[in-house]
Amino acid sequence: MAGVMADFGNFTHAVVRAIPVSLAKEALRMNVSDVDLEKAQREHEVYVGVLKQKLGLEVIELPADESLPDCVFVEDAAVVCGDTALITRPGAESRRKETAAIRRTLKELGLNIVDMSDENATLDGGDVLFTGREFFVGLSKRTNQRGAEILADAFKDYAVSTVPVTDGLHLKSFCSMGGPGLIVIGSSEPAQKALKIMQQMSDHRYDKLTVPDDIAANTIYMNLPGKGHVLLHCTPEEFPESAKVFEKLKDHMLIPVSNMEKVKVDGALTCCSVLINIKAKI
């Protein structure tokens, strides 16, 4: 497992998808809010630019599909670990067709595809936290026990524990990995309760970084050649107090990325990419 941890956060490729015009009015959301489409598209362009230019990932950009208003949130359609991709069965019926383009792309990249074909199962990638050592799966409005069981079957090398998500859309609406063995967690009572459950269920000890705002706890951690520890996180404009907390991570290259519009339709930073580590064939 030490070798696996050495690879944690090491990515070579990212799959992203453009924002459809239909997102503004038709994307699912827990709270009624107006989305500035042009601003959302600009934010997304910056996000993709960071992955491509700043971090040097090979970025596969899929076109938007107007019939799928939520399609920019590619994370929910697949869980990738190593050379295996589990194609999910999203909890919202209106999102089920999003998986087709993601499946095709991941197959073209040479990943081993596992399909979630059980009609009783639901799983959104936003409910899946991979720590490098194990998986935590949020049981939420979008993900059920059967979905978690199929994930455990797809990734047999890792322990899988389930965590009830009582508040918010997904498990990663209030937590993420901020580095090897470091969980970034929101300060709300439901977030702290979920963390306690994760700590109780795990054989491993995790450090924690608590931020005042739950959604600010959704970050993207990478460990990249020549760059070291990298963390994409919220901007001071969005969450000034939470942004200050990340400054404690002195060993990280910190990259604030704005997500002010997509958050209105429950989108977080991790939602907008599927990250993959494709090892060069020798």
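Predicted model: local features only at pLDDT ≥ 70, side-chain atom pairs only at ≥ 80, totals over all residues.

User: Does Glu75 count as buried or exposed?

Analyst: For this, compare the relative accessibility with a cut-off: buried means under 20%. Glu75 has 7% relative accessibility, so this residue counts as buried.

User: Leaving aside its neighbours within four places in sequence, which residues is Glu75 in contact with?

Analyst: Setting those neighbours aside, Glu75 touches Gly125, Gly126, Lys172, Thr270, Cys271, Ser273 and Val274.

User: How many of the 282 residues of the protein chain count as buried, as a percentage?

Analyst: Buried residues make up 54% of the 282 in the protein chain. The chain also holds 7 helices and 15 strands.

User: What does the radius of gyration say about the protein chain?

Analyst: The idea is to set the value beside the one for a compact globule. With 282 residues, such a globule would have a radius of gyration near 19 Å, and the protein chain has 17 Å, so the two agree. Its C-alpha trace spans about 45 × 45 × 40 Å along the principal axes.

User: And how many positive and negative side chains are there?

Analyst: Here you count each set, then look at where their centres lie. The protein chain carries 32 positive and 40 negative side chains, with the centres of the two sets 2 Å apart.

Definitions and conventions: Residues numbered from 1 in each chain as written. Heavy atoms only, no water. Helix = DSSP H or I, 4+ residues; strand = E, 2+ residues; numbered from the N terminus. Rg over C-alpha atoms; globule rule 2.2 N^0.38 Å. Buried < 20%, exposed > 50% of the residue type's maximum accessible area, 1.4 Å probe, protein only. Lys, Arg positive; Asp, Glu negative; His and termini not counted. Charge placed at Lys NZ, Arg CZ, Asp CG, Glu CD. Contact = heavy atoms within 4.5 Å.
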